[in-house]
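Please keep the sequence and the 3D view at hand while reading.

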Amino acid sequence: MITKEQALENAIEYIKKRNRSYVYIVTKEKIIYEEKKYINYGKYEEQERNIYVINYDIEGYTEPIPHFIAVDAETGEVLFTATPHGYVEDWED
């Protein structure tokens, strides 16, 4: 199992690799750990995984728009990025 610090590092690296900008990203103290979370998108769709959820916000018109990166707690792999409007990977791919 990876640590919260490693999950945050993986998420930041993923954001940079995808050339995303943000105005805020959580600290390790605010990272959420979820056990046996049902995954409904991506490579592990319809499976249960232990994940870390890392929040970052992008600039919005009237207020920041939250984005949530799911990181596999066992492997450190970034699974997806969820927003109020869907999955970012759908727009990028």
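Ile25 has Tyr56 as its bridge partner in strand S3. The strands S1 (24-25) and S3 (47-58) run antiparallel and are joined by two bridges; strands count as paired if DSSP finds at least two bridges between them. The model is a predicted one, in which local features need pLDDT of at least 70, side-chain atom pairs count only at pLDDT 80 or more, and totals for chains, interfaces and linings use all residues. Residues are numbered from 1 along each chain as its sequence is written, and side-chain values use heavy atoms, with hydrogens and water left out.

**Strand S3 and its partners**

- Helices (H or I, at least four residues) and strands (E, at least two) are DSSP runs, numbered from the N terminus.
- S2 and S3 pair in the antiparallel sense through six bridges, and Tyr38 stands opposite Glu48 in S3.
- Eight bridges pair S3 with S4, again in the antiparallel sense.
- The bridge partner of Ile51 in S4 is Asp72, and a hairpin joins S3 to S4 through six residues.
- Because nine of its twelve residues are buried, S3 is largely enclosed by the rest of the structure; buried means under 20% relative accessible area, exposed over 50%, and partly exposed in between (1.4 Å probe, protein chains only).

**Nonpolar cores**

- A nonpolar core is a set of buried Ala, Val, Leu, Ile, Met, Phe, Trp, Tyr and Cys residues joined through side-chain atoms within 4.5 Å.
- The largest nonpolar core has 16 residues, of which Ala7, Ile25, Ile31, Tyr52, Ile54, Ile69 and Val71 touch the most other members.
- Helix H1 (4-17), strand S3 and strand S4 (65-72) each give two or more residues to this core, and H1 supplies the largest share, five residues.
- Ten residues make up a second, separate core, among them Ala70, Phe80, Ala82 and Tyr87.
- Apart from neighbours within four places in sequence, Ile25 is in contact (heavy atoms within 4.5 Å) with Leu8, Ile12, Ile15, Ile54, Asn55 and Tyr56.

**Aromatic rings**

- The structure holds five aromatic pairs; rings of Phe, Tyr and Trp (its six-membered ring) pair if their centres lie within 6.5 Å, with planes under 30 degrees apart counted as stacked, over 60 as edge-to-face and the rest as tilted.
- Tyr22 and Tyr56 form an edge-to-face pair, 6.0 Å centre to centre with 70 degrees between the planes.
- This pair links distant parts of the chain, since Tyr22 is in the loop between H1 and S1 and Tyr56 is in S3, 34 residues apart.
- Tyr22 counts as partly exposed because its relative accessibility is 35%, whereas Tyr56, at 1%, counts as buried.
- The rings of Tyr41 and Phe80 have centres 6.1 Å apart and planes at 80 degrees, so this pair is edge-to-face.
- Tyr41 is buried at 17% relative accessibility, and Phe80 is buried at 10%.
- Ring pairs join Tyr41, Phe80 and Tyr87 into a cluster.

**Polar contacts of Asn50**

- Asn50 is found in strand S3, and its side chain reaches the backbone nitrogen of Lys36 at 2.8 Å.
- The side chains of Asn50 and Glu74 are joined by a polar contact of 3.3 Å; such a contact is a pair of N or O atoms within 3.5 Å, where within protein one must be able to donate a hydrogen and the other to accept it, and residues adjacent in sequence count only if both atoms are side-chain atoms.
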